[in-house]
Amino acid sequence: MKLLSVIRKSIREQWRHFWILLLTLSMAPFFVLVYYLINEASKPHYDLLVVNRDLGADGGNSGEAWIGRLQGDWSDSTLAPLHVTAVDDSAAALRLLRSRKADALILLPRDFSLSLQSGEKHGPVQVELIGDLTDIQYMVTAVWTGEHLAGFIHEQMVLNRPLVFKETALGMSGRLDDFDLYVPGLLILSTVMLMFSSAIALVTEVENRTILRLKLSRVKAVELLSGITLVQLGVGMLSVLFTLLVALGLGFDLAGSAGLFVAICILTSLSIIAFSLILAAATRTANEILVIGNFPLFLFMFFTGAAFPISGRTLFKIGGYPVTLQGLMSPTHAVSALKKVLIFDMSCAEIVPELLALSP
Amino acid sequence: MITFDKTARSTPGGRKAGESRSAEHVIRLENLTKDYDRLRAVDDLSLEIRGGEILGFLGPNGAGKTTTINMICGTARPSAGQVRFSGGDLKGHLGLCPQENVYWPKLTCTEQLVFMGEMYGMPRRRAQKRAAELLERLGLSEKARVLAARLSGGMKRRLNLCLGLIHDPKILILDEPEAGLDPQSRILVREFIRSLAKQKTVVLTTHNMDEADRLSDRVAIIDRGRLLLLETPANLKRSIGEGDILEITLRNPAKHLPQTAAEALSALTRRIQVRDKTLILKSKDMIQSLPAITQVLEKAGLGIAGITMRENTLEDVFIHLTGKNLRE
């Protein structure tokens, strides 16, 4: 009865402390958006200009056919964002190249089709590649383009290729990009933000001196703290949900066990709420929490792997599980567990050390 | 230390400071002492609070009133001595209206009253009914759904009082209940407190002598943590200080009072002062001596053009006991 009443009151107060709630709920989704934009902006991107001077032959224009194939093949690939632009005038193409609007220029000769149709009688096909030979962007573009063109020529001339590469993605590298790797940490960050709302929910009772009224009443500390904790847990789960929805909306691929995912988020939220009790005990007002709370926030954000991957020096091992200095902060274990579940699709048995470290 | 004394009986008889005349006390303070570092806030305070009475705690700033109240409520731990409650565990039966307004700014008046009621174990329905009743009685019905943060200062003060009463406590402790109230609200609150008399035991601290005089059945005057006197306001005014002041405007004033008149007045009053046409007399229970005084003046041929009398007030008693020096 009293617990329900405390929950009801906490929900009302939490809702009416709108800015605190907004801060708690919006911080991690905002970070997801920022990381997505950074990831998009920093993705490798290669621009190739093609000047097709091929006059064609009886069988058609092989230059056009290759350009079409090149554009089609690369647009289907998410791994190698090679942007192919066909330019009519080689002088204009050179100007674009010089002004760094492209990484490489390939000039197909007038007799490109004829050469392919004539076969070996015609001699080697003379294709010119132009670019800054010291630029890594040029090198990658030239290698990919050359490889693709060689394949096309072999196919057109019905030649057997002496060597074919088979590429195998290491880990999830074939499927995941940096953004996907950051999302588990950001999901934990969304629970870290609970530190503020939880500590403020507690300290306002001291700040408003309403704790005096509660002390005089028959409510027990466990009822009061349980009520506040349950509401904060709800806020934490809501924050995780918003963060996840934003991540999914931006292309994050959710994998792994949903049950484990929820369990990790609940345990992390509880550990953050427990930490907020310490913060509340060390402060007197909500303003103090908003100032002093930034110090643990920085630690939780930047030294647990929540915002950036970080590798700590192993101090010692317990049952093979490395214990680091960062391991003193619960989000470290939460990030590790969530990465294992969401990225490597690991089972509960494989994250037992993390779950134990997170357990109250 | 706070104990609950189920067999406690009041001390009959004497009228010394701290001693009760009644047979039924609900709270007994026994040699209560509170030290804060080197400061002794409450010094060996002993008194009994009777059931159904309104006891006013009077004292200058820093006299130890609020500290005493905190020890009664159990929110401060005595350094020595104890608070004994008769009738068993009174936790949950104490209502407190603190000096500062203590409320939840982000809850409406009804929400916080119902919440507090539930914290005292009241069923929700009963708490809602009681909240509506209290808001009605203290003129806050129209603000029932308004957030406490948006109330005016006087309304917050009244809400503060409602919060102390939501669980219908046996003992109500009011720390400066009229502070910060406009005259209309003050009358409303005063009448409300008076209406609680006999149903509840009310302990109130105040600086307002008029408030203490009008409301209290007994007044405890404390200074520097010590109890100076515990009496009814009427007895205090009758027995302490220089007494009532009588100002008589003389029709035929003389530079010096005639010898016979001066001697007669000296026998009737404690102090005589002549200022221009006005004769100022001070005496306890002046009303009893008034006929004799007028007779003396008429007989001396001084004549009486006008009479003004100001009764000895609690403030006079208070200043007499505690002095005029500023505290803190």
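Lys156(B) lies in helix α4 of chain B, which covers residues 153-165. The structure is a predicted model. Within 10 Å of Lys156(B) there are 21 other C-beta atoms. The cut-off for burial is 20 or more, so Lys156(B) counts as buried. Not counting residues up to four places away in sequence, Lys156(B) touches Asn101(B), Tyr103(B), Ala148(B) and Leu151(B).

Chain A was examined as a whole. It contains 15 helices and 6 strands. The C-alpha trace of chain A spans about 100 × 45 × 35 Å along its principal axes. The radius of gyration of chain A is 30 Å, whereas a compact globule of 360 residues would have a value near 21 Å. Of the 360 residues in chain A, 38% are buried. Among contacts in chain A with a separation of 6 or more, 80% join residues 24 or more positions apart.

Two helix pairs of chain A were then considered. From α8(A), the contact involves Leu194(A), Ser197(A), Ser198(A), Ala201(A) and Leu202(A). These residues meet Ile228(A), Gln232(A), Val235(A) and Gly236(A) of α10(A). By class, the contact of α8(A) with α10(A) has 5 nonpolar and 4 polar residues, and no charged ones.

The second pair consists of helix α7 (residues 178-192) and helix α11 (residues 258-281) of chain A. Here the axes are 9 Å apart and the angle is about 40 degrees. The limit for roughly parallel is under 35 degrees, so α7(A) and α11(A) are oblique to each other. The crossing of α7(A) and α11(A) is right-handed. Ile188(A), Thr191(A) and Val192(A) are the contact residues in α7(A). Across from them, α11(A) contributes Cys265(A), Thr268(A), Ser269(A) and Ile272(A). The contact of α7(A) with α11(A) divides into 4 nonpolar and 3 polar residues, with no charged residues.

Notes. Residues numbered from 1 in each chain as written. Chains lettered and ligands numbered in written order. Predicted model: local features only at pLDDT ≥ 70, side-chain atom pairs only at ≥ 80, totals over all residues. Contact = placed C-beta atoms within 7 Å. Helix = DSSP H or I, 4+ residues; strand = E, 2+ residues; numbered from the N terminus. Nonpolar A, V, L, I, M, F, W, Y, C, P; charged D, E, K, R; others polar. Buried ≥ 20, exposed ≤ 12 C-beta atoms within 10 Å, placed from the backbone. Axes fitted to C-alpha atoms, helices over the stretch in contact; angles between N-to-C directions. Parallel < 35°, antiparallel > 145°, perpendicular 65-115°, else oblique. Left-handed = near helix turned anticlockwise from the far one by under 90°. Rg over C-alpha atoms; globule rule 2.2 N^0.38 Å.
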